[in-house]
Each structure stands twice: as structure tokens, then as C-alpha cells.
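Dear colleague,

Please find the structure below, handed over for your records. My notes on it follow directly after.

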Amino acid sequence: MSTLTVPQQVPPVSEDVEQLRKAFSGWGTNEGLIISILGHRNAAQRKLIRQAYAEAYGEDLLKALDKELSNDFERVLLLWTLDPAERDAALANEATKRWTSSNQVLMEIACTRSSNELLLARQAYHARFKKSLEEDVAHHTSGDFRKLLFPLVSSYRYNGDEVNMTLAKSEAKMLHEKISNKAYSDEELIRILATRSKAQINASLNQYKNEFGNDINKDLKADPNDEFLALLRATVKCLTRPEKYFEKVLRLAINKRGTDEGALTRVVATRAEIDMKLIKDEYQRRNSIPLDRAIVKDTHGEYEKLLLELVGHEDA
């Protein structure tokens, strides 16, 4: 499901490090060389490169990249080069600082990562920001948003596939009851979304549809302008069909007048090694244009080149 391509014969780390140093030397930066290395190494390999670079030159590779590059290309390359947990911590911290009711990044991180990945992100947050993600989320959000986001980022849900059908039936009924009464921020509704395993939530929502005839997200569309309801719908999507959620983020990022590079960069950097293949299939199905073609139409330069390496592209 990953779209990252790693060469069958990966050069020794020392060679990658030497080549990167070469890319930074002399007149101008050799962006193509940087892309050919970092754009084709997995997370474990990039981590080794970063460690070896620091040992060889006494400088963090991220600092070297920061000095040499700029704009959207720098942003996507820095995010991509970060360890996934550090990356999530950085994105979450940004999201708390710039938090608005339409910002779904905190929920996205909490709901599309495995329990372990979320735990590692919380630990990376401690290490980098000297405080907890939970306290920042509680501090920067309020009302119903805090009521939902705080338990989501604090969660450590069971990751297995086992499902309790009796529970699925009773919780589907409870969810329907709360939604029918417009009790969208009811603690029981939030408890189910924030603590149950993804397999259990899927079973409950399938039960909901069978029993009450509607997809739960259709019933959560009572007021299309309500941003808390939009966050609830996105939460359900991230927990059950993340590729649909990310396709929509990309569609909105690319189809706007003027690209939302922040969203495009975030999705490509965080999903290329996870499920970008599924997201691309969903994008093609929904928009009748391949994602790589949409990226070519909307971006340019080294930024475009690195995005295309990460999402995989057909040569024209």
C-alpha cells in the first residue's frame, strides 16, 4: 500500500551521507541528488542516514537541509526526513498553536495512527517540547472540541481484529439514540469513538447502517455548517476508511483556487509509506484523474519532483 520505491541494492549509508554532503557543497544546491537519495529511502534508512550524517559532520542533517533549501520543497523534505513519531509530534504541536475549529490535524493524527504509533508520537512530543501533547490539546481547545479531541489524543485503543457483536448491536443503538436527540457531544458517543478498537467501531457502524438504514455520517450531516459535526464525521472516516478521508483532504487542497500546499505536503509526507496506494486509487475513482497528474497541474519545480517520487508516477 506504500508508494515509496526503494532500490533493490541500497548503497551503504556512508555513501548516501557523502553524496548528500556533496549536494550541499559548491555553488548552489544539487536538489536532484538530494531527491534521488532521500526520496527513495524508507523511515529506518533515513534514520540511519541522519545519525551517520551527524557523526560524520557534527551537524544534524535537518539543519543542513534547512540552511540549503526553502519554501514548500524544504517543508516536504524536512517532514519526510523526520522520524515518523517526531514528524507527528511536530505536526501536532503546530496544530495546537494554530488551532481553529476547522483544523482537523489533531484528530487525523490520533485516529489514523496505530495505538503504538500514537504512543510514540506522544513520547516524541515530551522529548521535543518538554510538555505533553494532552496538556497542549486541553489548553488550546475548548467546549465540545476539547471534549472530543482530548480523549482521542490520549487513547491507546486495542489494535486486534476481534469483535463483540452483542456490544456492536447495543452501541449502534446507543449511537442512533444520541444522534436522533442531537446529543452530538454526549460522553457515551465520544467514549465509543475514543476508546473502542477500530474493528469494533466498524462492526458497530455496520450494525447502525443495517438497523437504521443510514450511514452514520449521513445522520451527522444535520447542519452542514456545524464545524463540530464536520470534525465528528471526519473522525468516523479516519477510524473506518482513512483513504476516503485523505482523498478528500487532497481534493480540497488541490482543487482550490491556489493550492493548499500545507495539506498536500502533510498527506504525502505522512502517508507515502503507509497507504498512499489506496488513497491514489480513491482519488482516481472520485476525480477521474490520477493523483500524480493533478499534482503536476498544480505544483512545480523541486517540490513537484519530490511529491511525484513519493506518490509514484507514470512517466508520460
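I begin with arginine 286, which sits in helix α18, spanning residues 276–287. Please bear in mind throughout that this is a predicted model. On the surface, Arg286 gathers with Lys209, Lys218, Lys221 and Lys248 in a patch of positive charge.

Overall architecture

The protein has 20 helices and zero strands. Its radius of gyration is 21 Å, close to the 20 Å that the globule rule gives for 316 residues, so the protein is as compact as a globular protein of that length. Along the principal axes, the C-alpha atoms fill a box of roughly 65 × 45 × 35 Å. As for burial, 49% of the 316 residues count as buried.

Helix α7, residues 105–112, is mostly covered, with eight of its eight residues buried. The buried residues in α7 are Val105, Leu106, Met107, Glu108, Ile109, Ala110, Cys111 and Thr112.

Aspartate 298 belongs to helix α19 and is partly exposed at a relative accessible area of 27%. Between aspartate 298 and isoleucine 192 there are 39 Å in space, C-alpha to C-alpha, and 106 residues in sequence.

Salt bridges

Side chains of opposite charge can pair when their charged atoms come close. The structure holds 23 salt bridges, and several are described here.

Arginine 46 and glutamate 273 meet through their side chains in a salt bridge of 2.9 Å, N to O. Arginine 46 lies in helix α3 (residues 43–57) and glutamate 273 in the loop between α17 (261–271) and α18, so this pair ties together parts that are 227 residues apart in sequence. Arginine 46 counts as buried, with a relative accessibility of 1%, whereas glutamate 273, at 24%, counts as partly exposed.

A salt bridge is also formed by arginine 122 and glutamate 134, whose closest N and O atoms are 3.2 Å apart. The pair links helix α8 (residues 115–129), which holds arginine 122, to helix α9 (residues 133–140), which holds glutamate 134; the two residues are 12 apart. Both arginine 122 and glutamate 134 are buried.

Lysine 131 and aspartate 136 likewise meet in a salt bridge, at 3.4 Å from N to O. Here aspartate 136 is buried, its relative accessible area being 5%, while lysine 131 is partly exposed at 32%.

Finally under this heading, a network of salt bridges links Glu171, Glu188, Arg191 and Arg196.

Backbone points to check

Asparagine 71 has a phi near 60°, a positive value in a residue other than glycine. Asparagine 71 is found in helix α5, which covers residues 71–81, and counts as exposed at 63% relative accessibility.

Serine 288 is not a glycine either, yet has a positive phi of about 55°. Serine 288 lies in the loop between α18 and α19 (291–298). With a relative accessible area of 63%, serine 288 is exposed.

With kind regards

Conventions:
Residues numbered from 1 in each chain as written. Predicted model: local features only at pLDDT ≥ 70, side-chain atom pairs only at ≥ 80, totals over all residues. Heavy atoms only, no water. Patch = residues over 30% accessible without salt bridge, like charges linked within 9 Å, V, L, I, M, F, W, Y side chains within 5 Å. Areas by Shrake-Rupley, 256 points an atom, 1.4 Å probe, with all protein chains shown as cover. Salt bridge = Lys/Arg side-chain N within 4 Å of Asp/Glu carboxyl O. Lys, Arg positive; Asp, Glu negative; His and termini not counted. Charge placed at Lys NZ, Arg CZ, Asp CG, Glu CD. Helix = DSSP H or I, 4+ residues; strand = E, 2+ residues; numbered from the N terminus. Rg over C-alpha atoms; globule rule 2.2 N^0.38 Å. Buried < 20%, exposed > 50% of the residue type's maximum accessible area, 1.4 Å probe, protein only.
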